[in-house]
Amino acid sequence: PVDTARGRERVYDELRDLLRTLDGPSTVLVSSQALAIDDANPAVTTYDLLPHSERHGINDDSIDRLLAYVRARQAEGKTVYYHYAEFEDVDSHFRKYELGFAAYFHALQAEFSLREIYRSSLRPQRLYVIEARLSVDK
């Protein structure tokens with residue numbers, strides 16, 4: 001357990017170091033593990049998926065709310081990042097008969113282009129920039 005905790009902290013430290021380099025006022029971070037990383041750069045707006053899921057569950061409605069939130073932040077000119085963590089990797093479920101946390105990630109992948117900018121070799125931790133899909137003229 002001690003080695004596991006140290007490994008997790010080391011991965012979070014790497015991610016925190018990266019978050020410190022981001023332009024806080026123009027940055028939004030979506031994460032199911034926000035409490036572990038949101039102090040890294042206090043100027044970054046953090047959207048925590050845990051309270052979101054507590055309020056709305058993990059279902060089609062809560063996914064639509066998240067997608068609308070991301071679109072609105074992008075419309076404001078913000079750069080939105082998605083922190084993929086263990087909750088997504090093992091598809092943790094918040095409530096028994098609902099979708100798991102991976103549903104948020106898959107919905108974002110379906111609507112946006114997710115560009116990976118960080119991947120830990122130690123734990124399932126990744127950071128993506130959420131970007132509008134480029135439309136291709138036919």
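1. How much of the accessible surface of the protein belongs to carbon and sulfur atoms? The share is 50%, out of a total of about 7,600 Å². Bear in mind that this is a predicted model. Of its 138 residues, 43% count as buried.

2. Next, the overall layout. The protein has 6 helices and 5 strands. From the N terminus on, the order is α-β-α-β-α-α-β-α-α-β-β. Among contacts with a separation of 6 or more, 57% come from residues 24 or more positions apart.

3. The sheet is open and holds 5 strands, ordered β2-β1-β3-β5-β4. Its pairing is mixed. β2 (45-48) and β4 (112-119) stand at the edges with a single partner strand each, so one side of each lacks a neighbour in the sheet. Neighbouring strands are turned by 25° against each other on average, direction ignored.

4. β4 and β5 (residues 126-132) run antiparallel, joined by 7 bridges. Helix α6 (residues 102-111) lies across β3 (79-84), β4 and β5. Its angle to β4 is about 125°.

5. Helix α3 spans residues 49-56. L49, H52 and S53 are buried there. The buried residues of α3 fall within an arc of 95° seen down the axis, so they line one face of the helix.

6. Both ends of α3 deserve a look. At the start, a side-chain oxygen of D48 comes to within 2.9 Å of the backbone nitrogen of L50. After the helix comes G57, with a positive phi near 75°.

Notes: Residues are numbered from 1 along each chain as its sequence is written. This is a predicted model: local features need pLDDT of at least 70, side-chain atom pairs count only at pLDDT 80 or more; totals for chains, interfaces and linings use all residues. Side-chain values use heavy atoms; hydrogens and water are left out. Helices (H or I, at least four residues) and strands (E, at least two) are DSSP runs, numbered from the N terminus. Buried means under 20% relative accessible area, exposed over 50%, partly exposed in between (1.4 Å probe, protein chains only). Contact means heavy atoms within 4.5 Å. Accessible areas come from the Shrake-Rupley method with a 1.4 Å probe; for residues, only the protein chains shown count as cover. The arc is that of the directions from the helix axis to the C-beta atoms. A polar contact is a pair of N or O atoms within 3.5 Å; within protein, one must be able to donate a hydrogen and the other to accept it, and residues adjacent in sequence count only if both atoms are side-chain atoms. Two strands pair if DSSP finds at least two bridges between them. Axes are lines fitted to C-alpha atoms, for helices over the stretch in contact, and angles run from 0 to 180 degrees between N-to-C directions.
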